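User: I would like to learn how to read a chain contact and a strand in a model. Please take them in turn.

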Amino acid sequence: MEFTEEQIKRYARHIILPEVGGEGQEKLLSSKILLIGAGGLGAPCGYYLGAAGIGTLGIVDFDIVDLSNLQRQIWHGTKDVGRYKVDSAKDSIERINPDVKVITYKDKIDSANIKELIKDYDVIVDATDNFPARYLINDACHFMNKPLVYGSIFRFEGQVTVFLPDKGPCYRCLFSTPPPPGLVPSCQEAGVLGVLPGVIGAIQANEAIKITLGVGNTLNGRLLIYDALDMKFTEMKLRKDKCCPLCGENPNILDLIDYEEFCELYHHE
Amino acid sequence: MPITVRIPTPLRTLTNGKSEVETTGATIIEIIDNLENNYAGIKERICEQNSQIRRFVNVYLNDEDIRFLDNINSSVKDGDTISIIPAIAGGAFERKKFYLNYPQEVIKEPIIYQVGKNFNVITNIRSASISNDIGIIALELEGEPAEIEKAVKFFESKGITVEPIVLDVVE
C-alpha cells in the first residue's frame, strides 16, 4: 500500500510509534471492524476507530436518534434527532476521515442475519444494550471464530473485556444464561452517567485496534470493571469454564438461539 | 480485620448506596448470610433458593472467581475482598412516546392497564382525547427496548394503530 502525502501527515503520530509504524497503519487501513450498536458505547468507539483509519467500518443499528440520547451518544447532534443513528454516525465519521469506508446496516440483529453481518469482518465490537443481543453476538462470534470486544454499562459502572474464540473464555463462561427481568435492576434504578460509555467505548476501540495490530496484551481472560463514582478500576480473572454451554467440553448450544424465541425464553424462565 | 465486600451498582439500593461494606465470616456462604442479616433482600439477588450463586452473577474472592475455587464453601480470611459481579446489559432504559389510535370497539377496554401488568414497562399517559367514538392517547413507555416492542405489538394485536411520536409534543 502506498500512503498519500495526506495520509502520511494524518497518521504521523501513529506511524512514529514503533508498535504501529507504517506497517501497522497499513494493517489498520486494510482492516474491517463491525460495530454493533451506534449508541453510547458505539459513538466514542466508532469515532476513535474512524480517526485511526480503520479501512472498513460496519455499523449496525435499527434505531433512530432521540433527544434523550444526546447526553452520551456524542456522534449524533441536535439536528440528527429523528434520523437513523447509522446515517448520523456515517456523516460524523466521514467528516473526520475520508479514508474510512463506512457501511451501514439498519437491521435489528437476529439469528437469521447475524452470521451474514459478521462474516466479512475481522473484529466485532459489541456496543449493544440488551441481553438477547449480547448472547446472540457472543454465540455467533464463537461459531464464526471472530474476536469480540465486549463492553457494557449500567448507571455508574462499566464492564469491558475481549473474547477470543479458542484462546480464552466466552461471555457464557462468565454468565451462562441471561437474568430473568425481575432480577435485573428496576426502572427506577435506570439511567446512565453520560461519560461512562465514553470511557468504556474508548477502551473497546483501544482493544479492537490492538487486536488488529497484534500488539500488547488485550483484556482476553480479564474482566475490567470501572466504577465511575468511586473512580476505581478493578480487574478480575476470567477463566474458560469447562461446563460452558457454548464452548465447554460438552456444549449443548450447537446453533444460534433465535432472538425472539430467546426473549420469550428468558422472560418466562 | 473484617472482610470487605464490593457491592455492584444494581445492588446498592439494598446497601443504602454504599459501594463497599464490611462483614465477617469464614466462608463465602457465611458472608452472604451475614450480609443478608444487615441488608435484607440481598441474598435472593445473589443466590438461588438452594443458596447456590445465580448463573448471571459471579462472586470473586480477591481476583478469582469462586466457581474455580470451592464455590460458596471457599474459605475466606481476614483482609480478603469479595466482589459481586452481576451481568449488566448496558445502555439506558428507553423512554418512547407513541400516539395510540383506538378503534371504536376497544375504547372502553383497560388495555393500558393490561400492558403495564403483562410487560415490564412503565406506562405514562401524556395526553388523551377520549369520547364514545374517538380514542387518541399519547403514551410514554419506559423499559427495555425488547419489552417496549412487545407492548407495542400487544396494542397492535388489539387493533390499535401505534405511531411513534418523533418530536417532543407532550414534554
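Analyst: The contact takes 43 residues from chain A and 33 residues from chain B, two residues being in contact if their C-beta atoms, placed from the backbone, lie within 7 Å. By class, the chain B side that touches chain A has 15 nonpolar, 9 polar and 9 charged residues; Ala, Val, Leu, Ile, Met, Phe, Trp, Tyr, Cys and Pro count as nonpolar, Asp, Glu, Lys and Arg as charged, and the others, Gly among them, as polar. This is a predicted model, where local features need pLDDT of at least 70, side-chain atom pairs count only at pLDDT 80 or more, and totals for chains, interfaces and linings use all residues. Residues are numbered from 1 along each chain as its sequence is written, and chains are lettered from A and ligands numbered from 1 in the order in which they are written.

User: Which strand does E5(A) pair with in the antiparallel sense?

Analyst: Two strands pair if DSSP finds at least two bridges between them. E5(A) pairs with E6(A), residues 157-163, over 7 bridges in the antiparallel sense, and A:Gly151 has A:Val160 as its bridge partner. With E4(A), residues 123-126, E5(A) pairs in the parallel sense over 3 bridges.

Terms used. Helix = DSSP H or I, 4+ residues; strand = E, 2+ residues; numbered from the N terminus.
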